[in-house]
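Good morning, and thank you for coming. I would like to take the group through one chain today, and I ask that you keep the sequence and the model in view.

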Amino acid sequence: MKVGQILKTKGTRIVTIRPRESVAAAAKLMVTENIGALVVTDVVLTEGSTVVGLLSERDLMRALVAGGQDIMKMSVEKVMSKKLISCEPNDDLTDVIEKMDRHSIRHLPVLDEHTLVGVLSVRDVIRVLRGAVAERETVAA
């Protein structure tokens, strides 16, 4: 199965935040949206809105342990993961699973060329695999 097929089923709503927003605002947005990561985008004059990083629950926990509650006043850009690991709509699910495992990550921005078209999470992968297992069980019954 291709990433693009999963996005069609899941939908392509993407929750983003700007790098200069506060960590407190980011954490509140993640709780409100019930998501584990935010794609960090910024406006680049020559390219428009561009993905510059990812802020995950893990990033927040690491920053909290290192800096205490004061991190809530910091900007997202000081806490986010800047090394962006992403996938493309034509990538196979097996490649995405391998990439998530190899890099110990749970969220992958989906980029078509340089345009953000979605986010794939471990939860999305589990849903696809659960559906495949249920399908097999139905056929076997």
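Predicted model: local features only at pLDDT ≥ 70, side-chain atom pairs only at ≥ 80, totals over all residues.

Which residues does Leu60 touch, not counting residues up to four places away in sequence? Leu60 touches Val23, Ala27, Met30, Leu55, Ile71 and Val79, where contact means heavy atoms within 4.5 Å.

Residues are numbered from 1 along each chain as its sequence is written, and side-chain values use heavy atoms, with hydrogens and water left out.

Let me turn to the cores. A nonpolar core is a set of buried Ala, Val, Leu, Ile, Met, Phe, Trp, Tyr and Cys residues joined through side-chain atoms within 4.5 Å. Buried means under 20% relative accessible area, exposed means over 50%, and partly exposed lies in between, with a 1.4 Å probe and protein chains only. The largest nonpolar core has 15 residues, and Leu55, Leu60 and Val76 have the most contacts inside it. At least two residues of this core come from each of helix H2 (23-33), strand E2 (37-44) and helix H3 (57-67). These labels are DSSP runs numbered from the N terminus, with helices (H or I) of at least four residues and strands (E) of at least two. H2 gives the most to this core, with 4 residues. A second, separate core has 12 residues, including Leu93, Met100, Leu108 and Leu120.

Next, Ser22. Its place is in the loop between strand E1 (16-17) and H2. Ser22 counts as partly exposed because its relative accessibility is 25%. Leaving aside neighbours within four places in sequence, Ser22 is in contact with Met72, Met74, Ser75 and Val76. Ser22 and Ile71 are 49 residues apart in sequence, yet their C-alpha atoms are 8.7 Å apart in space.

I move to the strands E4 and E5. Of the 6 residues of strand E4 (residues 107-112), 5 are buried, so E4 is largely enclosed by the rest of the structure. E4 and strand E5 (residues 115-121) run antiparallel and are joined by 6 bridges; two strands pair if DSSP finds at least two bridges between them. Val110 stands opposite Gly118 in E5. The two strands form a hairpin with 2 residues between them, and Glu113 in the turn has a positive phi of about 65 degrees.

Just after H1, Gly11 takes a positive phi of about 100 degrees.

Finally, how many salt bridges does the structure hold? There are 6 salt bridges, each defined as a side-chain nitrogen of Lys or Arg within 4 Å of a carboxyl oxygen of Asp or Glu.

One of them joins the side chains of Asp92 and Lys2, at 3.1 Å from N to O. That pair links distant parts of the chain, 90 residues apart: Asp92 lies in the loop between H3 and helix H4 (93-103), and Lys2 in the segment before H1. Asp92 is partly exposed at 28%, and Lys2 is partly exposed at 33%.

Another salt bridge is formed by Asp42 and Arg20, whose closest N and O atoms are 2.9 Å apart. Asp42 is buried, with a relative accessible area of 17%, whereas Arg20 counts as exposed at 54%.

Being 4 residues apart in H4, Glu98 and Arg102 are separated by about one helical turn.

Salt bridges that share partners also join Lys10, Asp124 and Arg127 into one network. Asp124 lies in helix H5 (residues 122-140) and counts as buried because its relative accessibility is 6%. Leaving aside neighbours within four places in sequence, Asp124 is in contact with Ile6, Lys10 and Val119.

Thank you for your attention.
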